[in-house]
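Take a look at the sequence and the model below.

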Amino acid sequence: MARLTRKKTKKVGLPAESLVYTGDVKGGAATVAVMDYDEREVRETSITTVQECIAYRDKPTVTWINVEGVHDVPLLEKMGECFGLHRLVMEDIASTDQRPKAEDFGEYLYIVFKMLSYDALKGEVVPEQLSLVLGRNFVLSFQEGIEGDVFNAIRGRIREGKGRIRKMGADYLAYALVDAVVDNYFLILEGIGDNIESLEEAIVSRPTQETVQSIYRLKRELLILHKSVWPLREVVGILGKHDSPLIRETTVPYLRDVYDHVIQVIDTVEIYREMLSEMLDSYLSSVSNRLNEIMKVLTIIATIFMPLTFLAGVYGMNFRRMPELEWRYGYPLVLAVMLGIGLSMVRYFRKKKWF
(Lines give C-alpha, C1' and ligand atoms only; values in the text may rest on other atoms or scores of the structure.)
Protein backbone atom coordinates (compact mmCIF):
# COMPACT_ATOMS: atom_id res chain seq x y z
CA MET A 1 0.00 0.00 0.00
CA ALA A 2 2.98 2.30 -0.42
CA ARG A 3 1.33 4.34 -3.18
CA LEU A 4 -1.95 4.74 -1.31
CA THR A 5 -0.55 6.16 1.90
CA ARG A 6 2.86 7.76 2.07
CA LYS A 7 4.95 7.84 5.19
CA LYS A 8 5.08 11.08 7.13
CA THR A 9 7.65 10.12 9.72
CA LYS A 10 9.74 13.16 8.78
CA LYS A 11 7.06 15.45 10.24
CA VAL A 12 6.46 13.58 13.48
CA GLY A 13 6.89 15.95 16.43
CA LEU A 14 7.38 19.06 14.29
CA PRO A 15 5.12 22.08 14.82
CA ALA A 16 2.54 23.23 12.30
CA GLU A 17 3.80 25.32 9.36
CA SER A 18 6.98 23.19 9.17
CA LEU A 19 7.98 22.83 5.54
CA VAL A 20 9.14 19.24 5.06
CA TYR A 21 8.93 17.40 1.76
CA THR A 22 7.28 14.03 2.44
CA GLY A 23 7.39 12.50 -1.04
CA ASP A 24 10.07 10.56 -2.87
CA VAL A 25 12.87 12.66 -4.33
CA LYS A 26 12.81 11.81 -8.04
CA GLY A 27 16.09 13.46 -8.90
CA GLY A 28 16.89 16.59 -10.83
CA ALA A 29 16.69 20.23 -9.88
CA ALA A 30 13.42 22.10 -9.54
CA THR A 31 12.55 24.47 -12.38
CA VAL A 32 10.37 27.58 -12.57
CA ALA A 33 8.77 28.51 -15.91
CA VAL A 34 6.77 31.67 -16.53
CA MET A 35 4.15 32.41 -19.18
CA ASP A 36 2.90 36.00 -19.13
CA TYR A 37 0.27 36.93 -21.69
CA ASP A 38 -2.61 39.11 -22.78
CA GLU A 39 -4.66 39.27 -25.96
CA ARG A 40 -1.80 40.74 -28.00
CA GLU A 41 1.32 38.84 -27.02
CA VAL A 42 2.87 36.05 -24.96
CA ARG A 43 6.13 36.19 -23.06
CA GLU A 44 7.83 33.01 -21.88
CA THR A 45 10.86 32.71 -19.67
CA SER A 46 12.56 30.47 -17.15
CA ILE A 47 13.65 32.20 -13.97
CA THR A 48 16.63 31.27 -11.85
CA THR A 49 15.96 33.42 -8.78
CA VAL A 50 12.63 33.79 -7.05
CA GLN A 51 13.14 37.56 -6.77
CA GLU A 52 12.34 37.73 -10.48
CA CYS A 53 8.77 36.68 -9.64
CA ILE A 54 8.11 39.91 -7.75
CA ALA A 55 7.64 41.75 -11.06
CA TYR A 56 4.66 39.49 -11.88
CA ARG A 57 2.64 39.99 -8.68
CA ASP A 58 0.66 43.06 -9.72
CA LYS A 59 0.94 43.06 -13.51
CA PRO A 60 -2.30 43.67 -15.46
CA THR A 61 -1.50 40.70 -17.69
CA VAL A 62 -2.19 37.07 -16.78
CA THR A 63 0.84 35.24 -15.41
CA TRP A 64 1.24 31.50 -15.08
CA ILE A 65 4.22 30.42 -12.99
CA ASN A 66 4.80 26.68 -13.07
CA VAL A 67 7.14 25.07 -10.52
CA GLU A 68 8.24 21.51 -11.26
CA GLY A 69 9.73 19.73 -8.26
CA VAL A 70 8.46 20.65 -4.80
CA HIS A 71 11.31 18.77 -3.11
CA ASP A 72 13.24 22.06 -3.17
CA VAL A 73 11.97 23.41 0.15
CA PRO A 74 14.04 26.66 0.12
CA LEU A 75 12.54 27.47 -3.29
CA LEU A 76 9.04 26.93 -1.92
CA GLU A 77 9.73 29.20 1.04
CA LYS A 78 10.90 32.00 -1.22
CA MET A 79 7.90 31.58 -3.53
CA GLY A 80 5.58 31.75 -0.55
CA GLU A 81 7.23 34.91 0.71
CA CYS A 82 7.15 36.48 -2.76
CA PHE A 83 3.38 36.02 -3.20
CA GLY A 84 2.38 36.31 0.45
CA LEU A 85 1.19 32.72 0.84
CA HIS A 86 0.29 31.36 4.25
CA ARG A 87 2.80 28.98 5.80
CA LEU A 88 0.12 26.31 6.10
CA VAL A 89 -0.41 26.50 2.35
CA MET A 90 3.29 26.01 1.74
CA GLU A 91 3.28 23.12 4.20
CA ASP A 92 0.46 21.45 2.23
CA ILE A 93 2.35 21.96 -1.03
CA ALA A 94 5.42 20.20 0.37
CA SER A 95 3.36 17.42 1.96
CA THR A 96 2.49 15.34 -1.09
CA ASP A 97 -0.24 13.15 0.38
CA GLN A 98 -2.92 15.80 0.62
CA ARG A 99 -6.57 15.01 0.05
CA PRO A 100 -8.00 17.08 -2.83
CA LYS A 101 -9.42 20.30 -1.41
CA ALA A 102 -10.00 24.00 -2.10
CA GLU A 103 -9.44 26.79 0.43
CA ASP A 104 -10.25 30.48 0.15
CA PHE A 105 -7.67 32.83 1.71
CA GLY A 106 -9.33 36.01 0.51
CA GLU A 107 -6.63 37.34 -1.79
CA TYR A 108 -6.05 33.93 -3.35
CA LEU A 109 -7.51 30.45 -3.66
CA TYR A 110 -5.54 27.33 -2.88
CA ILE A 111 -6.47 24.14 -4.77
CA VAL A 112 -4.76 20.79 -4.41
CA PHE A 113 -5.60 17.56 -6.27
CA LYS A 114 -3.96 14.65 -8.09
CA MET A 115 -2.53 14.65 -11.60
CA LEU A 116 -2.44 11.03 -12.75
CA SER A 117 -0.57 9.21 -15.49
CA TYR A 118 -0.82 5.61 -16.67
CA ASP A 119 2.17 3.36 -17.16
CA ALA A 120 0.92 0.98 -19.87
CA LEU A 121 3.94 -1.34 -19.58
CA LYS A 122 3.48 -1.90 -15.84
CA GLY A 123 -0.28 -1.40 -15.90
CA GLU A 124 -0.06 1.10 -13.04
CA VAL A 125 -1.66 4.44 -12.25
CA VAL A 126 1.02 6.90 -11.14
CA PRO A 127 -0.31 9.71 -8.90
CA GLU A 128 1.36 13.10 -8.60
CA GLN A 129 0.21 15.96 -6.40
CA LEU A 130 -0.64 19.23 -8.14
CA SER A 131 -1.21 22.45 -6.21
CA LEU A 132 -2.71 25.60 -7.72
CA VAL A 133 -2.75 29.10 -6.24
CA LEU A 134 -5.20 31.43 -7.99
CA GLY A 135 -4.70 35.14 -7.54
CA ARG A 136 -6.31 38.08 -9.29
CA ASN A 137 -3.90 38.10 -12.21
CA PHE A 138 -1.72 35.05 -11.64
CA VAL A 139 -1.81 31.29 -11.27
CA LEU A 140 0.92 29.38 -9.47
CA SER A 141 1.15 25.65 -10.16
CA PHE A 142 3.36 23.38 -8.07
CA GLN A 143 4.03 19.94 -9.53
CA GLU A 144 5.50 17.16 -7.46
CA GLY A 145 7.42 15.61 -10.34
CA ILE A 146 9.79 16.97 -12.94
CA GLU A 147 9.09 14.51 -15.74
CA GLY A 148 6.36 16.34 -17.67
CA ASP A 149 2.67 17.04 -17.27
CA VAL A 150 -0.62 17.17 -19.20
CA PHE A 151 -0.53 20.91 -19.93
CA ASN A 152 1.17 20.97 -23.33
CA ALA A 153 -2.15 21.57 -25.09
CA ILE A 154 -2.82 24.58 -22.86
CA ARG A 155 0.62 26.00 -23.54
CA GLY A 156 -0.02 25.57 -27.26
CA ARG A 157 -3.35 27.41 -27.05
CA ILE A 158 -1.72 30.28 -25.18
CA ARG A 159 1.13 30.55 -27.68
CA GLU A 160 -1.11 30.38 -30.73
CA GLY A 161 -3.98 32.42 -29.30
CA LYS A 162 -6.53 29.68 -30.01
CA GLY A 163 -9.82 29.69 -28.18
CA ARG A 164 -10.68 32.21 -25.53
CA ILE A 165 -7.88 31.56 -23.06
CA ARG A 166 -5.93 34.71 -24.03
CA LYS A 167 -9.09 36.82 -23.72
CA MET A 168 -10.05 35.57 -20.27
CA GLY A 169 -8.51 36.06 -16.85
CA ALA A 170 -6.48 33.98 -14.44
CA ASP A 171 -9.58 32.14 -13.23
CA TYR A 172 -10.14 30.76 -16.73
CA LEU A 173 -6.50 29.61 -16.82
CA ALA A 174 -7.02 27.79 -13.51
CA TYR A 175 -10.14 26.17 -14.95
CA ALA A 176 -8.19 25.09 -18.04
CA LEU A 177 -5.52 23.43 -15.88
CA VAL A 178 -8.11 21.54 -13.83
CA ASP A 179 -9.98 20.55 -16.99
CA ALA A 180 -6.78 19.19 -18.58
CA VAL A 181 -6.12 16.99 -15.55
CA VAL A 182 -9.70 15.70 -15.50
CA ASP A 183 -9.65 14.99 -19.25
CA ASN A 184 -6.49 12.94 -18.72
CA TYR A 185 -8.45 10.77 -16.28
CA PHE A 186 -10.52 9.58 -19.25
CA LEU A 187 -7.36 8.48 -21.06
CA ILE A 188 -6.35 6.48 -17.98
CA LEU A 189 -9.80 4.89 -17.81
CA GLU A 190 -9.51 4.00 -21.49
CA GLY A 191 -6.26 2.13 -20.83
CA ILE A 192 -7.78 0.33 -17.84
CA GLY A 193 -10.87 -0.50 -19.92
CA ASP A 194 -8.70 -2.17 -22.58
CA ASN A 195 -7.07 -4.31 -19.88
CA ILE A 196 -10.48 -5.27 -18.51
CA GLU A 197 -11.63 -6.41 -21.96
CA SER A 198 -8.51 -8.58 -22.29
CA LEU A 199 -9.18 -10.12 -18.89
CA GLU A 200 -12.79 -10.88 -19.84
CA GLU A 201 -11.58 -12.84 -22.87
CA ALA A 202 -9.04 -14.68 -20.73
CA ILE A 203 -11.65 -15.65 -18.14
CA VAL A 204 -14.04 -16.96 -20.81
CA SER A 205 -11.34 -18.98 -22.61
CA ARG A 206 -8.84 -20.31 -20.06
CA PRO A 207 -8.38 -18.48 -16.74
CA THR A 208 -5.06 -18.90 -14.95
CA GLN A 209 -3.51 -17.71 -11.71
CA GLU A 210 -2.00 -14.79 -13.62
CA THR A 211 -5.53 -13.74 -14.58
CA VAL A 212 -6.66 -13.36 -11.00
CA GLN A 213 -3.45 -11.49 -10.16
CA SER A 214 -4.21 -9.05 -12.97
CA ILE A 215 -7.73 -8.56 -11.60
CA TYR A 216 -6.41 -7.71 -8.14
CA ARG A 217 -3.84 -5.35 -9.66
CA LEU A 218 -6.51 -3.48 -11.63
CA LYS A 219 -8.73 -3.27 -8.55
CA ARG A 220 -5.81 -1.63 -6.76
CA GLU A 221 -5.27 0.88 -9.57
CA LEU A 222 -8.96 1.75 -9.57
CA LEU A 223 -8.78 2.26 -5.82
CA ILE A 224 -6.00 4.82 -6.35
CA LEU A 225 -8.08 6.51 -9.05
CA HIS A 226 -11.15 6.53 -6.81
CA LYS A 227 -9.17 8.05 -3.96
CA SER A 228 -7.97 10.83 -6.27
CA VAL A 229 -11.22 11.61 -8.08
CA TRP A 230 -13.92 11.26 -5.44
CA PRO A 231 -12.88 14.30 -3.31
CA LEU A 232 -12.28 16.32 -6.50
CA ARG A 233 -16.03 16.39 -7.05
CA GLU A 234 -16.41 18.44 -3.90
CA VAL A 235 -13.52 20.72 -4.89
CA VAL A 236 -14.92 21.57 -8.32
CA GLY A 237 -18.39 21.95 -6.81
CA ILE A 238 -17.08 24.56 -4.38
CA LEU A 239 -15.33 26.46 -7.16
CA GLY A 240 -18.47 26.42 -9.30
CA LYS A 241 -20.62 28.06 -6.62
CA HIS A 242 -19.11 31.47 -7.44
CA ASP A 243 -18.53 32.37 -3.78
CA SER A 244 -15.10 33.90 -4.41
CA PRO A 245 -14.57 37.26 -6.19
CA LEU A 246 -11.51 35.69 -7.83
CA ILE A 247 -13.79 33.53 -10.00
CA ARG A 248 -15.77 35.53 -12.52
CA GLU A 249 -19.32 34.70 -13.40
CA THR A 250 -18.29 33.96 -17.00
CA THR A 251 -16.03 31.12 -15.80
CA VAL A 252 -18.66 29.40 -13.63
CA PRO A 253 -20.35 27.48 -16.51
CA TYR A 254 -16.99 26.00 -17.49
CA LEU A 255 -16.37 24.85 -13.92
CA ARG A 256 -19.79 23.23 -13.89
CA ASP A 257 -18.84 21.40 -17.07
CA VAL A 258 -15.71 20.09 -15.33
CA TYR A 259 -17.94 19.01 -12.46
CA ASP A 260 -19.99 16.92 -14.89
CA HIS A 261 -16.80 15.35 -16.25
CA VAL A 262 -15.68 14.44 -12.73
CA ILE A 263 -19.04 12.76 -12.11
CA GLN A 264 -18.61 10.78 -15.34
CA VAL A 265 -15.16 9.64 -14.23
CA ILE A 266 -16.50 8.57 -10.84
CA ASP A 267 -19.35 6.64 -12.47
CA THR A 268 -16.94 4.90 -14.84
CA VAL A 269 -14.62 3.98 -11.98
CA GLU A 270 -17.53 2.46 -10.05
CA ILE A 271 -18.65 0.51 -13.14
CA TYR A 272 -15.15 -0.85 -13.68
CA ARG A 273 -14.87 -1.86 -10.03
CA GLU A 274 -18.17 -3.74 -10.28
CA MET A 275 -17.00 -5.42 -13.48
CA LEU A 276 -13.77 -6.56 -11.85
CA SER A 277 -15.66 -7.90 -8.83
CA GLU A 278 -17.96 -9.87 -11.13
CA MET A 279 -14.96 -11.11 -13.11
CA LEU A 280 -13.33 -12.30 -9.90
CA ASP A 281 -16.53 -14.14 -8.97
CA SER A 282 -16.63 -15.64 -12.46
CA TYR A 283 -13.02 -16.77 -12.11
CA LEU A 284 -13.69 -18.42 -8.77
CA SER A 285 -16.83 -20.08 -10.15
CA SER A 286 -14.91 -21.29 -13.20
CA VAL A 287 -12.17 -22.77 -11.04
CA SER A 288 -14.75 -24.40 -8.79
CA ASN A 289 -16.66 -25.86 -11.74
CA ARG A 290 -13.47 -27.17 -13.29
CA LEU A 291 -12.53 -28.79 -9.98
CA ASN A 292 -16.00 -30.35 -9.75
CA GLU A 293 -15.65 -31.77 -13.27
CA ILE A 294 -12.30 -33.29 -12.38
CA MET A 295 -13.66 -34.76 -9.15
CA LYS A 296 -16.67 -36.18 -11.02
CA VAL A 297 -14.46 -37.96 -13.55
CA LEU A 298 -12.22 -39.34 -10.80
CA THR A 299 -15.25 -40.47 -8.80
CA ILE A 300 -16.69 -42.29 -11.81
CA ILE A 301 -13.38 -44.03 -12.46
CA ALA A 302 -13.09 -45.04 -8.80
CA THR A 303 -16.71 -46.32 -8.80
CA ILE A 304 -16.09 -48.47 -11.89
CA PHE A 305 -13.01 -50.04 -10.35
CA MET A 306 -14.63 -50.75 -6.95
CA PRO A 307 -16.33 -54.07 -7.97
CA LEU A 308 -13.34 -55.00 -10.10
CA THR A 309 -11.07 -54.45 -7.13
CA PHE A 310 -13.42 -56.57 -5.01
CA LEU A 311 -13.21 -59.50 -7.45
CA ALA A 312 -9.45 -59.16 -7.73
CA GLY A 313 -9.21 -59.13 -3.94
CA VAL A 314 -11.37 -62.23 -3.56
CA TYR A 315 -9.36 -64.30 -6.03
CA GLY A 316 -6.13 -62.93 -4.70
CA MET A 317 -6.60 -64.60 -1.27
CA ASN A 318 -5.09 -67.95 -2.56
CA PHE A 319 -7.01 -70.34 -0.31
CA ARG A 320 -6.28 -74.00 -1.10
CA ARG A 321 -9.92 -75.01 -1.57
CA MET A 322 -11.14 -72.36 -4.00
CA PRO A 323 -12.68 -74.42 -6.86
CA GLU A 324 -12.08 -71.73 -9.50
CA LEU A 325 -8.31 -71.85 -8.95
CA GLU A 326 -7.96 -75.23 -10.66
CA TRP A 327 -10.70 -74.74 -13.23
CA ARG A 328 -9.38 -74.49 -16.76
CA TYR A 329 -11.55 -71.51 -17.75
CA GLY A 330 -11.59 -69.78 -14.37
CA TYR A 331 -9.12 -67.04 -15.22
CA PRO A 332 -10.66 -65.92 -18.56
CA LEU A 333 -14.15 -66.17 -17.03
CA VAL A 334 -13.25 -63.82 -14.18
CA LEU A 335 -11.69 -61.37 -16.66
CA ALA A 336 -14.83 -61.51 -18.78
CA VAL A 337 -17.01 -60.90 -15.73
CA MET A 338 -14.86 -57.91 -14.72
CA LEU A 339 -14.99 -56.50 -18.25
CA GLY A 340 -18.75 -56.97 -18.39
CA ILE A 341 -19.24 -55.20 -15.05
CA GLY A 342 -17.04 -52.31 -16.16
CA LEU A 343 -18.82 -51.86 -19.50
CA SER A 344 -22.24 -52.13 -17.83
CA MET A 345 -21.37 -49.39 -15.36
CA VAL A 346 -20.00 -47.14 -18.12
CA ARG A 347 -23.21 -47.62 -20.10
CA TYR A 348 -25.30 -46.86 -17.01
CA PHE A 349 -23.36 -43.66 -16.28
CA ARG A 350 -23.73 -42.52 -19.88
CA LYS A 351 -27.46 -43.19 -19.75
CA LYS A 352 -27.65 -40.99 -16.65
CA LYS A 353 -25.56 -38.34 -18.51
CA TRP A 354 -23.05 -38.21 -15.70
CA PHE A 355 -20.23 -37.87 -18.21
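Lys101 is partly exposed, as its relative accessibility is 23%. (Buried means under 20% relative accessible area, exposed over 50%, and partly exposed in between, with a 1.4 Å probe and protein chains only.) Its side chain meets that of Asp92 in a salt bridge, 2.8 Å from N to O. Asp92 is buried, at 12%.

This is a predicted model, where local features need pLDDT of at least 70, side-chain atom pairs count only at pLDDT 80 or more, and totals for chains, interfaces and linings use all residues. Residues are numbered from 1 along each chain as its sequence is written, and side-chain values use heavy atoms, without hydrogens or water.

**Salt bridges**

A salt bridge is a side-chain nitrogen of Lys or Arg within 4 Å of a carboxyl oxygen of Asp or Glu. The whole structure has 13. Three of them are listed here.

| Pair | N to O distance |
|---|---|
| Asp92 and Lys101 | 2.8 Å |
| Arg273 and Glu270 | 3.8 Å |
| Arg40 and Asp38 | 3.9 Å |

Arg40 is exposed at 74% relative accessibility, whereas Asp38 is buried at 18%. Arg273 is partly exposed at 28%, and Glu270 is partly exposed at 30%. Arg273 and Glu270 sit about one helical turn apart, because 3 residues separate them in helix H6. (Helices, H or I with at least four residues, and strands, E with at least two, are DSSP runs numbered from the N terminus.) Elsewhere, shared partners link Asp36, Glu41, Arg43 and Lys59 into one salt-bridge network.

**The hairpin**

Strand S1 (residues 31–37) pairs with strand S2 (residues 42–47) in the antiparallel sense, over 6 bridges. Pairing requires at least two bridges found by DSSP. S1 and S2 form a hairpin, with 4 residues between them.

**The surface patch**

Where is Met295? Helix H6 (residues 252–314) holds Met295. Met295 is partly exposed, at 45% relative accessibility. Met295 belongs to a nonpolar surface patch with Leu291, Ile294, Val297, Leu298, Ile301 and Phe305. Together they have about 650 Å² of accessible area, from the Shrake-Rupley method with a 1.4 Å probe, counting only the protein chains shown as cover for residues. Patch members have over 30% relative accessible area and no salt bridge; like charges are joined within 9 Å, and nonpolar side chains (Val, Leu, Ile, Met, Phe, Trp, Tyr) within 5 Å.
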